[in-house]
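Please look over the sequence and the 3D model shown here. The briefing below goes with them.

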Amino acid sequence: MSFRIEVIADSITPDGIRVLTFQARYWRAIHSEFMTHRAFARNASSSRAKPVKRIIREILDDMAMPVHWGANRPGMQAKEELTGWRLKVAKATWRAAGYAAIAFARVMIAIGLHKQVANRIIEPWSHIDVVFTTTMDGLENFFSLRDHPDAQPEMQVLAKLVKLAVNKSRPRELRVGEWHLPYFREEDIVRVKEYVAANPEFDDLWVAQAISAARCARVSYSNHDGTQTTIDEDIALFRRLIVDKIESGDPIHASPTEHQFTPDEPLRDFGEGTGGESAIVWRQSGMGGNLGDGVIQLRKVIEKDAAASRN
């Protein structure tokens, strides 16, 4: 089973708020536990989007399975691991169950069942790709809970890899007005300028934000078939998720716009409060969303602009 963690954007504001965006790959079975960390902005690959044959191929190439085969005992934590023939039988049984599930999934797609159903039967043996963004405060809470002997072993592995990635990464200083844009690369700058020159109704920042949000929605630089996205495709997805919804009055699919932010400016710093917390008053307090004050999250900007346009 493969766990992979990569820092794809690492920024620090003039006031020392460090925010990191990661791309992660881990066992889908622990995703529900990961979702309990509400300080994280996140998007994940969906079983409703990926073709069944692609997920089957991924499982056959790299089947997800436990990293610790604990012996049965009362309580939530398995301390001792199975050994000898019992461990071999457990692993072989897990693989056999996975191959059986794949066989049933193939029957389902053969009779024309949609992937949003057929994919569910093979989820326990699959990985999930996730992009998540959080502050160092959010990470410290995650580490204290998950890099801990009481956590599920697979969560411990994930937490240790995230911690290692943080320690290896160096943040980019982000000035007021500059944006943290995951998946937006230096080579995209030229493409955006060319696109805006040909489409003057757009500006560079809006296009860059749309590209970043669309790629966060896909959790990738690429389409689900593996091909590189074009600016037109990224903007089209951003429009479907956000712009078209605003124009029609429907709820927007806002989560992909929670990863982008620009620094806020402090109006006044009162030092530390009575509980040791920051007592800074921010110019746009409340605009940081789940990233907290001190930054202005793209989602909040979009929602504020949408509300203003309706009034």
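This is a predicted model: local features need pLDDT of at least 70, side-chain atom pairs count only at pLDDT 80 or more; totals for chains, interfaces and linings use all residues.

Residues are numbered from 1 along each chain as its sequence is written, and side-chain values use heavy atoms, with hydrogens and water left out.

**Overall build**

- The protein has ten helices and nine strands; these are DSSP runs numbered from the N terminus, with helices being H or I of at least four residues and strands being E of at least two.
- The C-alpha trace spans about 65 × 55 × 35 Å along its principal axes.
- Of the 311 residues in the protein, 42% are buried. Buried means under 20% relative accessible area, exposed means over 50%, and partly exposed lies in between (1.4 Å probe, protein chains only).
- Among contacts (heavy atoms within 4.5 Å) with a separation of 6 or more, 68% join residues 24 or more positions apart.

**Nonpolar cores**

- A nonpolar core is a set of buried Ala, Val, Leu, Ile, Met, Phe, Trp, Tyr and Cys residues joined through side-chain atoms within 4.5 Å.
- The largest nonpolar core has 23 residues, and Phe22, Tyr26, Phe142, Leu158 and Val162 touch the most other members.
- Two or more residues of this core come from each of β2 (18–27), β4 (127–135), α5 (136–146) and α6 (153–168).
- The largest share, six residues, is given by α6.
- A second, separate core has 21 residues, including Val192, Val207, Ala210 and Ile242.
- Apart from neighbours within four places in sequence, Tyr26 is in contact with Ser2, Phe3, His31, Phe34, His127, Ile128, Val130 and Leu158.

**Gln260**

- Gln260 sits in the loop between α9 (231–248) and β6 (261–263).
- Gln260 counts as buried because its relative accessibility is 0%.
- The side chain of Gln260 makes a polar contact with the side chain of Ser212 at 3.0 Å. A polar contact is a pair of N or O atoms within 3.5 Å; within protein, one must be able to donate a hydrogen and the other to accept it, and residues adjacent in sequence count only if both atoms are side-chain atoms.
- The side chain of Gln260 also reaches the backbone oxygen of Pro256, at 3.2 Å.
- Leaving out residues up to four places away in sequence, Gln260 touches residues that include Trp179, His180, Cys216 and Leu298.

**Positive phi angles**

- Tyr183 has a phi near 75°, a positive value in a residue other than glycine.
- Tyr183 lies in the loop between β5 (172–173) and α7 (186–198), and it counts as buried because its relative accessibility is 1%.
- Val219, also a residue other than glycine, has a positive phi near 60°.
- Val219 is in the loop between α8 (204–218) and α9, and is buried, with a relative accessible area of 3%.

**Leu113**

- Leu113 is found in the loop between α3 (84–110) and α4 (115–118).
- Leu113 counts as partly exposed because its relative accessibility is 33%.
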